[in-house]
Amino acid sequence: MTKPSLPDLLHAAVSAVGGTERPGQVAMAEAVAEAIDDNSHRLIQAGTGTGKSLGYLVPALAHGERVVVATATLALQRQLVERDLPRTVDALHPQLRRRPQFAMLKGRSNYLCLHRLHEGAPQDEEDGLFDQFEAAAPTSKLGQDLLRLRDWADETETGDRDDLTPGVSDKAWSQISVSSRECLGATKCAYGAECFAEAARERAKLADVVVTNHALLAIDAIEGAPVLPQHEVLIVDEAHELVSRVTGVATGELTPGQVNRAVKRSAKLVDEKVADALQTASESFERVMELALPGRLEQIPEDLGYALMSLRDAARNVISAIGATRDKSVHDEDAVRKQALAAVENIHTVAERITNGSEYDVVWYERHDRFGATLRVAPLSVSGLLREKLFEDRSVLLTSATLKIGGDFNGVAASLGLSPEGVEGDDVPLWKGLDVGSPFDYPKQGILYVAKHLATPGREGTRGDMMDELAELIEAAGGRTLGLFSSMRGAKAAAEELRGRIDNPILLQGEETLGELIKNFAADPKTCLFGTLSLWQGVDVPGPSCQLVVMDRIPFPRPDDPLMSARQKSVEEHGGNGFMAVAATHAALLMAQGAGRLVRASGDRGVVAVLDPRLATARYGSFLRATLPDFWYTTDRNQVRRSLAAIDATAKADGK
């Protein structure tokens with residue numbers, strides 16, 4: 001039997017999802033197939049509307065080896081598992097003569113734990129576990145969430161938190177979930193045979209395509225104990241997010257509250273002398289943290305170093321003692337012991353890591369008005385880790401709408417531990433970059449307007465001229481505005497000011513769930529939506545409800561961001577341009593993502609307005625603009641108001 005051709009398979013899949021074949025999608029599918037066949041790596045930039053999911057799924061399914069697809073957002077995971085994969089498998093089945101299986105796999109804490117649900121959650125003050133359903137007042141928000149979770153547990157087939165709608169608070173979920181460190185293990189747990197997390201892992205072992213998230217991919221790479229099943233092909237979608245997600249997983253933290261909980265959980269399981277030593281170390285750590293000022297610690301202060309060594313040593317002794325004692329008087333002893341061990345092991349790991357003082361780590365204090373001080377430690381770079389763990393023994397394909405920064409792939413490649421394209425050497429994974437373009441006609445569909453006449457934004461204070469400009473743009477557009485702000489403070493200030501100045505309703509991130517805000521924004525063209533980071537990347541509103549995307553300023557990292565400033569300094573110490581490699585690259589990625597909110601369909605028209613003159617006047621402006629879609633560019637404020645008014649008039653004439 002002849003093997004079905006890739007174009008035939010792609011045509012069948014695209015027809016099944018009601019899509020249109022696009023040249024970029026065909027080019028992408030061919031590149032993916034080639035990379036899988038010769039076990040090589042690709043970075044593929046595929047603009048919005050390319051249909052990149054099918055561009056990688058079809059060749060991956062046709063190949064027949066197991067594939068892991070890792071994505072950053074829940075929305076894309078859902079789209080793959082609920083829409084793209086079922087339809088694609090149905091469409092390809094007649095030609096492939098087999099029906100590939102697919103499954104979703106997430107970290108253990110994403111699944112409801114039946115042991116925790118039925119036996120209780122850890123109680124810090126008492127022996128053993130307590131019934132969280134009895135303890136929470138039924139009238140409280142927590143109590144209502146827990147009762148809803150108990151009902152949901154009887155009907156859910158997956159136990160996956162993301163299948164629960166509406167969702168519940170993190171606090172409620174933590175009462176009925178466990179981390180992998182806290183889990184008893186299927187063989188020791190009374191509920192092991194029914195465990196949702198174990199069932200998900202079993203389904204993944206049998207699947208041809210496993211859909212997961214960047215965080216689990218990072219855990220699989222970092223912790224050395226494989227979580228994902230063996231696979232020959234790894235596809236990383238939304239790959240521009242990978243470095244920050246891996247950094248998040250590789251970051252450790254210590255707080256006085258967290259240490260205190262570990263003390264209480266372990267106290268009844270070890271002898272008094274060992275417990276007292278951890279209690280004393282906890283108190284000295286808390287005293288140091290009370291005086292902690294936010295910022296990077298290039299050297300560990302003597303008092304903190306002493307407190308951390310005491311914590312490390314006391315935690316090590318508790319870990320040894322917990323393993324050596326049994327106490328049948330403790331209710332559900334194995335679970336209590338595992339909970340305590342997980343808490344103390346985390347403290348030992350982080351205290352030891354900071355005490356060891358690796359030159360590849362960055363340590364800093366953060367302060368929160370409500371929660372007090374946190375001590376954090378993160379890797380200066382994850383590029384070495386990714387080079388070593390990601391690109392071995394499999395073909396890796398990384399794709400996103402934004403992988404070319406300043407016009408080429410090398411910046412993103414370097415952050416992934418790759419050499420410049422085409423450079424060969426020992427232990428250097430070879431890769432190729434491909435930009436398959438976008439089906440949209442950006443110069444005709446969009447305008448990039450830079451408000452060159454405005455004052456350069458300062459670090460503090462309101463920008464009166466910027467507020468005037470924003471109000472005028474919104475009024476010209478008839479609403480229809482997505483406002484992307486570099487800080488929540490800026491978004492709030494703009495919303496408060498403009499609610500008193502213009503008639504258009506303004507929705508503000510944080511005043512309602514993100515899903516609800518986006519739904520309301522899409523439903524009413526007169527409405528504006530203002531917000532910060534998650535809006536720069538998470539909004540998909542095609543049509544006339546979003547015809548003006550405004551960025552208040554270039555989203556450089558804060559100058560006092562300890563990790564970003566440490567990375568910048570490190571690049572400079574090695575002879576590079578730290579500002580361009582770190583701050584400008586960070587801003588370019590975000591701006592490209594933000595500008596991508598404007599044109600989501602072939603009929604969309606509109607303006608991306610940047611209210612920061614530096615995009616037009618600064619030397620790095622051309623680097624940032626090269627990363628944005630190829631919109632028609634202007635700094636003429638009158639021209640842009642006329643264009644917005646015309647776009648608004650056309651939409652109104654169409655009854656929208």
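Helices (H or I, at least four residues) and strands (E, at least two) are DSSP runs, numbered from the N terminus. The structure is a predicted model, in which local features need pLDDT of at least 70 and side-chain atom pairs count only at pLDDT 80 or more, while totals for chains, interfaces and linings use all residues. Residues are numbered from 1 along each chain as its sequence is written, and side-chain values use heavy atoms, with hydrogens and water left out.

**Backbone features in loops**

By that element assignment, R97 falls in the loop between α4 and β3 (102-104). Its phi is near 60°, a positive value in a residue other than glycine. R480, in the loop between α19 (464-477) and β15 (481-484), also is not a glycine and has a positive phi of about 50°. For solvent exposure, buried means under 20% relative accessible area, exposed over 50%, and partly exposed in between (1.4 Å probe, protein chains only). R97 is exposed, with a relative accessible area of 60%; R480, at 2% relative accessibility, counts as buried.

| Residue | Phi | Relative accessible area |
|---|---|---|
| R97 | near 60° | 60% |
| R480 | about 50° | 2% |

The peptide bond from T165 to P166 is cis, with omega near -10°. P166 belongs to the loop between α7 (141-155) and α8 (170-174).

**Helix α1**

In helix α1 (residues 6-16), the buried residues are L6, L9, L10, A12, A13 and V14. Their cover includes α2 (23-37), α3 (52-63) and α4 (74-96), where contact means heavy atoms within 4.5 Å.

**The open sheet**

Strands of a sheet pair through backbone hydrogen bonds, either parallel or antiparallel. Two strands are taken as paired if DSSP finds at least two bridges between them. Here 4 strands form an open sheet in the order β8-β11-β10-β9, with antiparallel pairing. β8 (252-254) and β9 (295-296) stand at the edges, each with a single partner strand, so one side of each is left without a neighbour in the sheet. Helix α15 (residues 333-356) packs on the sheet and touches β8, β10 and β11; its direction makes about 105° with that of β8. This angle is taken between N-to-C directions on a scale from 0 to 180 degrees, with axes as lines fitted to C-alpha atoms, for helices over the stretch in contact.

Strand β10 (residues 361-368) is joined to strand β11 (residues 372-379) by 8 bridges, and the two run antiparallel. A hairpin of 3 residues connects β10 to β11. In this pair, D361 stands opposite P379 and V362 stands opposite A378.

A cavity is a set of points, on a 1 Å grid over the protein atoms alone, where a 1.4 Å probe fits but cannot get out; lining residues have an atom within 4 Å of a point. Grid points are joined across faces, edges and corners, and a volume is the space filled by probe spheres set on the points. The count comes to 1 cavity of 30 Å³ or more, and the largest cavity has a volume of about 250 Å³. Of the 25 residues that line the largest cavity, the closest to its centre are C113, H115, V178, C183 and C189. The elements giving two or more residues to this lining are α5 (114-119), α9 (196-206) and α15.

Definitions and conventions: On a 1 Å grid over the protein atoms alone, a cavity is a set of points where a 1.4 Å probe fits but cannot get out, and a pocket is an open set with protein on both sides within 12 Å along at least five of seven lines; lining residues have an atom within 4 Å of a point.
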